[in-house]
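Here is a brief report on one protein model. It covers backbone angles first, then the nonpolar cores.

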Amino acid sequence: MRYTFIVPVYNRPDEVDELLNSLTTQTVKDFEVIIVEDGSSKTCKDVCSRYSGTLDLHYYMKPNSGPGQSRNYGAERAKGEFLIVLDSDVVLPETYLAEVENELRREDADAFGGPDKAHESFSDTQKAISYSMTSFFTTGGIRGGKKKLDKFYPRSYNMGIRRTAYMRLGGFSKMRFGEDIDFSIRIFKAGLRCRLFPEAWVWHKRRTDFKKFFRQVYNSGIARINLYKKYPESLKLVHLLPMVFTVGVCALILISAVGRVLMHYDDVHKWYWLCAAPWLPIIFYALLIFIGSLVCNKSIKVAFLSIPAAFIQLFGYGCGFLSAWWKRCVRSKKEFSAFNETFYK
């Protein structure tokens with residue numbers, strides 16, 4: 001067998017239904033699907049049973065241990081030459097596997113990954129979050145874009161690896177968050193050939209509201225410091241930018257507040273520039289996000305929503321990064337993550 005799809009699931013039967021339906025339309029058929037139910041209270045067993053006649057589908061239920069260990073559980077039972085790890089909230093275009101096959105035939109690889117896009121059926125908030133997570137102006141293009149500030153590391157929503165290489169590396173670590181980047185780092189450190197397949201993209205729903213999105217990116221900021229403690233060389237300039245943005249925006253707002261106080265107690269016209277000027281770079285960045293999203297999504301509403309999405313992403317990541325830096329690098333605390341109880345939500 002050529003491919004095995006491995007999907008860890010926690011309380012998401014509706015999303016699994018959409019993913020499995022998209023797998024039935026693949027033009028390449030040489031694959032199996034392994035669904036690992038990670039201690040869900042709302043299982044997708046009935047959903048999977050509906051596809052048992054159209055897909056080579058294997059369903060497993062296990063106690064909750066997080067997505068990384070659930071992927072390892074699936075990999076131990078896989079038969080495919082290549083393992084393709086997906087999140088349960090993705091949908092595949094019918095040519096996905098054909099594009100993977102074309103890339104592997106053109107130039108072999110031990111591991112690979114692809115970018116993600118927002119489907120037209122996604123909510124405006126999901127489209128805004130998707131833009132924020134994939135735009136060069138927010139992430140530096142490191143999540144699969146053509147323009148990027150760092151090399152491409154496959155992510156768990158769309159990651160493939162040769163099964164023998166997966167077993168050689170021991171699979172995913174027990175990190176509760178950032179385990180996919182940890183795995184990608186180990187792929188490169190092992191000298192394995194890892195490539196970006198730009199046409200093997202998926203539709204990725206990500207989070208459905210800004211509160212959940214903040215929790216996700218806050219944990220991402222923490223994970224970056226946890227990864228730095230394991231692999232000091234993994235911390236690059238692009239990873240510091242959200243923290244610099246967070247500190248910079250807070251400093252600008254503070255300067256503006258000082259100007260406002262001085263205007264109250266002194267000559268208004270004398271201190272007006274100190275009150276107003278700090279907002280100019282913030283407004284300029286918001287305008288840049290608006291225009292970029294408008295060009296990408298062709299929607300004024302999504303473009304407006306992309307502004308808070310971008311600020312939430314950068315502030316959330318920056319705050320998580322700073323919190324972890326203080327606890328781990330200054331106070332020498334052990335590895336941690338926040339929002340564990342809502343990890344999948």
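## Ser-332

Ser-332 sits in the segment after H13. Helices here are DSSP runs of H or I with at least four residues, strands are runs of E with at least two, and both are numbered from the N terminus. The phi of Ser-332 is positive, near 60 degrees, in a residue other than glycine. Ser-332 is exposed, with a relative accessible area of 59%. Exposed means over 50% relative accessible area, buried under 20%, and partly exposed in between (1.4 Å probe, protein chains only).

## Basis of the model

This is a predicted model: local features need pLDDT of at least 70, side-chain atom pairs count only at pLDDT 80 or more, and totals for chains, interfaces and linings use all residues. Residues are numbered from 1 along each chain as its sequence is written, and side-chain values use heavy atoms, leaving out hydrogens and water.

## Lys-298

Lys-298 lies in the loop between helix H12 (279-297) and helix H13 (300-330). Lys-298 is not a glycine, yet its phi is positive, about 55 degrees. Its relative accessible area is 67%, so Lys-298 is exposed.

## Nonpolar cores

A nonpolar core is a set of buried Ala, Val, Leu, Ile, Met, Phe, Trp, Tyr and Cys residues joined through side-chain atoms within 4.5 Å. The largest has 32 residues. Phe-5, Leu-20, Leu-23, Ile-35, Leu-92, Tyr-96 and Val-100 touch the most other members. Elements giving two or more residues to this core include strand S1 (3-9), helix H1 (13-23) and helix H4 (96-106). Another core, of 18 residues, lies apart from it; Ile-6, Met-159, Phe-172 and Ile-187 are among its members.
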